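Here's a quick tour of a protein model, starting with charged pairs and moving on to the overall layout. Have a look at the structure first.

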Amino acid sequence: QAVATANKVVSVIKGKNIKVVWADAEDKTLQGLGINLINILNAYKGVIEKAGYSFGVYTGLSFYNSYIRPYADKIDCPFWIARYYNSYNEMDFSKEPDKNFKPNISHRLVGWQYTSSGIVDGINDTVDLDKKYDSAKQEIFEQLDKDYISGITLSGGDPFFMGNREEILSLIKEIKEKYPN
């Protein structure tokens, strides 16, 4: 069923300016599946990436810790984690979230949804507020800024995957400009 669902997603987004497909893995029906949950996500990921898109998983921190972290070595993709540390109290968009509550996970964290009770001027209802991270790029530049580099190891994406080529070429150009020698 994961393959059929992923194929349906691909057919719907084909031709649109979409680069990443996020699988929302937090439904109660997915709890307690053990390694089968990871197999489902990997099957979905395979279809999405074969179609030329990048893939990631969106879930809550509690779900991640309970049902994905035990199999962390069985799935390789970025994660976007919801963790509402301020309960459902309203939070203003202009204020940064408390970094002490940033999710700590075993995978590359590319996004943190820190509230569903965000207040944004001009919007009459509460909205989700998220923090996006470009951790792989940040890690590369932190290492390149050092006098001595012993090695850089990154995970969470294949640089030879067609869907990543444009981003990788842009990164290489940026590195060459910032570090010409």
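## Salt bridges

Lysine 74 pairs with aspartate 73 in a salt bridge, with 3.8 Å between the closest N and O atoms; the term covers a side-chain nitrogen of Lys or Arg within 4 Å of a carboxyl oxygen of Asp or Glu. Aspartate 73 is exposed at 65% relative accessibility, while lysine 74 is partly exposed at 48%. The cut-offs, with a 1.4 Å probe and protein chains only, are under 20% relative accessible area for buried, over 50% for exposed, and partly exposed in between.

The structure has two salt bridges. In the other, the side chains of glutamate 96 and lysine 131 come together at 2.5 Å, N to O. Glutamate 96 sits in the loop between β4 and β5 (109-119) and lysine 131 in strand β6 (residues 127-132), so this pair ties together parts 35 residues apart in sequence. Glutamate 96 is exposed at 54%, and lysine 131 is partly exposed at 25%.

## About the model

This is a predicted model, so to read it: local features need pLDDT of at least 70, side-chain atom pairs count only at pLDDT 80 or more, and totals for chains, interfaces and linings use all residues. Residues are numbered from 1 along each chain as its sequence is written, and side-chain values use heavy atoms, with hydrogens and water left out.

## Overall layout

The protein has five helices and six strands, in the order α-β-α-β-α-β-β-β-β-α-α along the sequence. These are DSSP runs numbered from the N terminus: H or I of at least four residues for helices, E of at least two for strands. Of its 181 residues, 33% are buried.

Taking contacts (heavy atoms within 4.5 Å) between residues at least 6 apart in sequence, 61% join residues at least 24 apart.

## Tyrosine 88

Where is tyrosine 88? Its place is the loop between β3 (79-82) and β4 (91-92), and tyrosine 88 is exposed, at 58% relative accessible area.

Beyond neighbours within four places in sequence, tyrosine 88 touches Ser116 and Ser117. Tyrosine 88 and serine 116 are 28 residues apart in sequence, yet their C-alpha atoms are 6.9 Å apart.
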